[in-house]
Amino acid sequence: MPVFTRFSGSSQPGDGVPEAEDEPAGGEREEDERGATAAPGPGQEASRTSLGHRLTRLRTWRNRHPRTARALHLTTTALAAVLVLGALLLPNTLPALKAVSFARIPAEAVIGAVVVLALPRRPRLVAAVLYGLGLTVLTTVNLLDMGFNEYLGRGFNAALDWDLLPDAQAYVEDTLGGGVATAVAVGAVVLVLLVAAVLVAAAIRLATVLARHRVRATKGALIAGTVWVTCSALGLTLFGGPIASERGAGALRVHAQRTVESLRDEAAFVKQSKADTFGNTPPGQLLPDLRGKDVIFTFIESYGRSAVEDPIMAPGVDRTLDTSTRALEKAGFAARSGWLTSATYGGSSWLGHSTTMSGLWIDNQRRYRTVSAGDHLTLTKAFRKTGAWDTVGVMPGVQKGWPEEKWYGLDKLYDSRDLGYRGPKFSWSTMPDQYALEAFQRQVHGRKRDKPLMSFVILTSSHQPWAPLPKMVGWDELGDGSVFDAIQKAGNKASDVLTDTTKSREEYGRSIQYSLTSLTQWLERYGTDDTVLVFLGDHQPIARVSGNGASRDVPVSIVAKDPKVLDKVDGWNWTEGLKPDREAPVWKMSSFRDRFLKAFGSTPHPSKG
């Protein structure tokens, strides 16, 4: 709110007494100073007496220290104005958080000044409190936007994202410890309450000052409004942005629209999820060209396009891909690689997994809950439906009951509690990828069975914060995982990497190298003539690592010894080897299921929503 104050020579500096021309109309001043005219009760009388004593002491102090009182008055008023204007002009992304972003005239401040000038005392006080609370909401959603844009590459969605906050706390607990997680949660609540108290107080302060200097404040509001309208009409800009701003109202409007659209989207998605191109396909017509093959679908955590193309991460990752391609070729394997555009970014890996397997675009938690509660055909469930495969999941990141196991169509799930690991955790990751793959071989893949195996494997070592990182050890030395004790103790601290962008990018690249090496060495060691490996990333790493404006693309590869398998995908025009060319085809992740089913002989029989 624009503030215009001046003290007359007859007033005591800092006592806030208005000049004659600023006298409130209609006896408002009398109400402001004395309150209601009704006779007070005993309790009210005691309260007013106490208040009167405090006011008397305050006036005495002001009279004794006029310069200090005046300076304090001006300072607190200026600070209140800075806080209100700052809240109205606060951007919602970290890159936009620059001094020039605050060189604007916010329409909400002009309107706020006009409103409080038009109201009598009590309604004015209520309006100021509501205004301050509105600024609190605006500041909170802007800060949430900053966090979500930094980590997930998108703004906060009030209709969908509250469910992610417990997951965020669990991540902090696993990464930095329970004490830190609790402190962060409590600190966040305290911060919101503190912001609310400060902004409400600032709004009340400005409203009071404007009312005491009504005439000049009215002139100031009129001038500010005229300047705003002129700048808006002429499209005048300063430092690359419009001088006339409606940032606050615009931000709240965007969040309101986002919420409404999300609620509408939920209803539409329920119907969409019931329609399926292969929903009524008989078991005998699903995946006939893969019968007899052991098929493994593996997701590598945060394996994104940036790992292959970013100048900091790519050199090491590309060397690993080239070395692994040559080693697999020597072992008799061939590979084809392309790109998929993930439904998520920076986190929420399960959205990428479910999108790939379901053929539906699952980009938020509500969609995930909707589809996983239904019977939509997943790619993994298609293998089970044929009756020709045993289906298993290997998920070292799962540490408790996982009801989605049924939706994915898994006969058996091996989570972190089932893999026999006795070594240390590596930040969020419960065990190194190399160990998880060896346990998969020992307990599942290497056992004799009557049917071929379809496996759904989720690797976790490349999960942020990428510290400490495991290192490759001899496959015969893995044992129960205790061999990793010394490696974990010698690794970087998560707190050191989290606060250093360059180190985060470097360690992220090393984590991808480790995961790729673990997977491809496992395939060299244990793969057979009938093994078909499909591996891909679930999403890009966080924006601070992948870069602002990075795509959502992730690499995807198919590896097999049998040339007939890769002949089936020859029409995809994917790149030979494990590293997709920059110009290789890019598909939406949700298109992979149907393309894969069709490539390997499945016949569409749609079901309608």
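Mentor: What follows starts with the whole chain, then takes up the helix contacts and ends with the rings.

The model is a predicted one, in which local features need pLDDT of at least 70 and side-chain atom pairs count only at pLDDT 80 or more, while totals for chains, interfaces and linings use all residues. Residues are numbered from 1 along each chain as its sequence is written, and side-chain values use heavy atoms, with hydrogens and water left out.

The chain has 22 helices and 13 strands, which are DSSP runs numbered from the N terminus (H or I of at least four residues for helices, E of at least two for strands). Of its 609 residues, 49% are buried, where buried means under 20% relative accessible area, exposed over 50% and partly exposed in between, with a 1.4 Å probe and protein chains only. Among contacts (heavy atoms within 4.5 Å) with a separation of 6 or more, 78% join residues 24 or more positions apart.

Helix α11 (residues 314-330) packs against helix α19 (residues 501-526) at about 5 degrees, with 9 Å between the axes; axes are lines fitted to C-alpha atoms, for helices over the stretch in contact, and angles between N-to-C directions run from 0 to 180 degrees. The two helices, α11 and α19, are therefore roughly parallel (under 35 degrees; over 145 is roughly antiparallel, 65 to 115 roughly perpendicular and the rest oblique). On the α11 side the contact includes Gly316, Val317, Thr320 and Leu321, and on the α19 side it includes Gly509, Ile512, Gln513 and Leu516. By class, the α11 and α19 contact residues divide into 7 nonpolar, 7 polar and 1 charged, counting Ala, Val, Leu, Ile, Met, Phe, Trp, Tyr, Cys and Pro as nonpolar, Asp, Glu, Lys and Arg as charged, and the others, Gly among them, as polar.

Helix α19 also holds glutamine 521, which is partly exposed at a relative accessible area of 30%. Leaving aside residues up to four places away in sequence, glutamine 521 touches Met472 and Trp475; tryptophan 475 is 46 residues away along the chain, yet its C-alpha atom is 9.4 Å from that of glutamine 521.

The contact draws on residues including Leu263, Asp265, Glu266 and Phe269 of α9, and on Arg366, Arg367, Thr370 and Val371 of α13. Its residues comprise 4 nonpolar, 3 polar and 4 charged.

Turning to the rings, a search of the whole structure finds 20 aromatic pairs, meaning rings of Phe, Tyr and Trp (its six-membered ring) with centres within 6.5 Å, stacked if the planes are under 30 degrees apart, edge-to-face if over 60 and tilted otherwise. Phenylalanine 297 and phenylalanine 383 form an edge-to-face pair, with centres 5.8 Å apart and planes at 70 degrees. This pair links distant parts of the chain, since phenylalanine 297 lies in strand β5 (residues 294-300) and phenylalanine 383 in helix α14 (residues 379-386), 86 residues apart. Phenylalanine 297 is buried at 1% relative accessibility, and phenylalanine 383 is buried at 0%. Tryptophan 402 and tyrosine 408 form a stacked pair, 5.4 Å centre to centre with 20 degrees between the planes, and both residues are buried. Ring pairs also join Phe297 and Phe383 into a cluster with Trp389, Trp572, Trp574, Trp587, Phe592, Phe596 and Phe600.
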